[in-house]
Amino acid sequence: MATTKTLREGSTQKRTAILSAARELFLADGFDRTSVDAIAARAAVSKRTVYDYFGDKQTLLKAVVDAVGESLITTIRRTLDDTLTDRTEAAGLEDALVSFSMRIATDMLDSAEYATLRRLVRAEYSHLPHRDYNSMADTPDEALAERFAAFASAGLLDVPDPRLAADQFIALTFGVALDRLGSANAAEDARVRPLVVEGVRTFLRAYRTT
């Protein structure tokens with residue numbers, strides 16, 4: 001079996017095929033019941049190739065979770081670029097923040113990628129680096145903090161600590177929905193939107209420039 005030091009990048013096509021096969025099998029059969037032989041067969045590569053690219057099955061699971069997380073981060077950044085732009089003006093800030101939040105609450109939280117991430121992390125947490133492993137880490141919060149810092153520079157917000165403001169925004173919107181409803185998926189529950197809107201307004205009462 002290859003060690004971490006000898007893992008190779010190989011072709012993108014083969015890596016993608018292995019990740020796709022592993023994802024399908026982990027979801028269908030679970031980590032313990034999924035063999036490297038089965039992953040190799042579905043990916044149409046040799047068992048040795050799977051080991052050469054990923055080292056072992058546990059590293060492959062982490063790679064699958066990371067790939068899903070990266071896809072979701074791309075969605076978040078695209079949503080930020082679509083809704084919270086440098087053309088956002090003071091009069092439209094509330095609508096822009098609500099639009100961003102609702103896009104996340106539908107396009108992302110109702111997506112197959114998000115469902116996959118939740119299923120894998122919940123079902124296979126014991127095989128991940130640690131129990132509360134999060135492939136997305138702090139990236140979404142930091143991306144939102146960068147946007148809030150830009151709004152502060154433009155005079156739209158007064159945010160001495162953009163990262164803290166981002167954390168509080170998420171808590172006031174998605175956090176409240178999760179705590180109250182058990183989900184922040186607006187596509188499944190119409191009660192999410194009113195909570196998100198009130199969260200945005202509470203955030204602006206604290207951070208909008210006067």
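Student: Why does Phe 203 count as buried?
Tutor: Its relative accessibility is 0%. Buried means under 20% relative accessible area, exposed over 50%, partly exposed in between (1.4 Å probe, protein chains only). So Phe 203 is buried. This is a predicted model, where local features need pLDDT of at least 70, side-chain atom pairs 80 or more, and totals for chains, interfaces and linings use all residues. Residues are numbered from 1 along each chain as written, and side-chain values use heavy atoms, without hydrogens or water.

Student: What makes Phe 203 and Tyr 207 a tilted aromatic pair?
Tutor: Their ring centres lie 4.9 Å apart, with 40° between the planes. Rings of Phe, Tyr and Trp (its six-membered ring) pair if centres lie within 6.5 Å; planes under 30 degrees apart are stacked, over 60 edge-to-face, the rest tilted. So 40° is tilted.

Student: How many aromatic pairs does the structure hold?
Tutor: Five. One of them joins Phe 169 and Phe 203, at 5.1 Å centre to centre and 85° between the planes, so edge-to-face. Phe 169 sits in helix H8 and Phe 203 in helix H9, 34 residues apart. Helices are DSSP runs (H or I, at least four residues), numbered from the N terminus.

Student: Why are H8 and H9 called roughly antiparallel?
Tutor: Their axes cross at roughly 155° and come within 9 Å. Axes are lines fitted to C-alpha atoms over the stretch in contact, with angles from 0 to 180 degrees between N-to-C directions. Under 35 degrees is roughly parallel, over 145 roughly antiparallel, 65 to 115 roughly perpendicular, the rest oblique. So H8 is roughly antiparallel to H9.

Key
Helix = DSSP H or I, 4+ residues; strand = E, 2+ residues; numbered from the N terminus.
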